[in-house]
Amino acid sequence: MKPTFLLIDASSFIHRAFHAAPARQTATGEHVGALYISIKMLRNLVNSVRPQYVTTVFDHPGITFRHQLYPEYKANRDPKPPELVSQIDRLRLVSGAMGLNPLMIKNVEADDVIATLAGDEAQESAQCLIATRDKDLAAVVSKDVSLIDKDGGITDVTSVSEKYGVPPRLITDWLTLKGDDSDNVPGIQGCGDKKAAALLNKFGSLDKIIESSREIKGVLGERIQNNIDQLNKMKAIIALKYDVPIITDLSFYSRRNLNAEALIECFDELEFSDMSAKLSSYLVNRQSNSTANINTG
């Protein structure tokens, strides 16, 4: 049986937690509500999956190659509030102390890092589970790569086709045709989810749709013919990178022992008394077991 490589889209986790979490601050005024929920989600996920290999991947705060190709990329989004940025930085430190191998790479997004790791030939020796709610990563799904949500639901090749109407290999083409409002990426007007899926299932790919655009009747065909350059540009924006320059050796991502002392210090500072107490109890039990082993050895 193949070992499990858990790739966690940590940016996705904390962004969603930030918008869902109740307000919570420390006595010094530090915002920690999203951080508290994210740590719990990470702990529960890792304890449930019990991976042999794991990484938590974060978006780099700077611009990416997509912004360089298309300055309007994500221009519809408000800047990250400082109280979110500070919690992202904290989560990176905490995930490191938890032994979850945090990664953040310049000029690319977390999705690209995850796609590179999950798509690398070296990972054929592992079963990859990607923890995310980002539909872009459905393009990476294969017999050896699945998505897992926070509730443990698994999305495999069959699930992708059922959910989006196209298989994983056509997800990028599907997103290009219909556009992605969340990233401010325009598609073809009048080509929604179902129409984009129908065209791709009929012609087989975006390239084939472009080649056969004169066969598509009505306004939709005309719009495709008039926006070929835009379609090609937007596909380059949407497509995931599979060649991010990072270490792909699986052993580098071995799950490491947590640094309980560092975590307790951090949790005390953040006023996460329940997490601190649980870890303190763990340390006491570990010390007692070690002493018992020495006495009976």
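Mentor: A nonpolar core is a set of buried Ala, Val, Leu, Ile, Met, Phe, Trp, Tyr and Cys residues joined through side-chain atoms within 4.5 Å, where buried means under 20% relative accessible area with a 1.4 Å probe, protein chains only. The model is predicted, with pLDDT of at least 70 needed for local features and 80 or more for side-chain atom pairs, while totals for chains, interfaces and linings use all residues. Numbering runs from 1 along each chain as its sequence is written, and side-chain values use heavy atoms, without hydrogens or water.

The largest nonpolar core holds 56 residues, and Phe5, Ile130, Ile171, Trp174 and Leu177 have the most contacts inside it. Helix H5 (residues 110-119) gives the most to this core, six residues; helices are DSSP runs (H or I, at least four residues) numbered from the N terminus. Look at Ile130: setting aside neighbours within four places in sequence, its contacts (heavy atoms within 4.5 Å) include Leu7, Ile114, Ala118, Leu137 and Val140. Ile130 also touches Val145, Ser146, Leu147 and Ile148. A second, separate core has 37 residues, among them Ala17, Leu35, Phe58 and Ala260.

Now for the spaces. A pocket is an open set of points on a 1 Å grid over the protein atoms alone, where a 1.4 Å probe fits and protein lies on both sides within 12 Å along at least five of seven lines; lining residues have an atom within 4 Å of a point. The largest pocket contains about 1,100 Å³ of space, a volume filled by probe spheres set on the points, which are joined across faces, edges and corners. His15, Asp59, Lys74, Arg77 and Asp183 are the closest to its centre among the 37 lining residues. At least two lining residues come from each of helix H1 (10-20), helix H3 (65-69), H5 and helix H11 (228-238), and H1 has the largest share, six residues.

Helix H2 (33-49), helix H12 (260-270) and helix H13 (273-296) each provide at least two of its lining residues.

Terms used:
Buried < 20%, exposed > 50% of the residue type's maximum accessible area, 1.4 Å probe, protein only.
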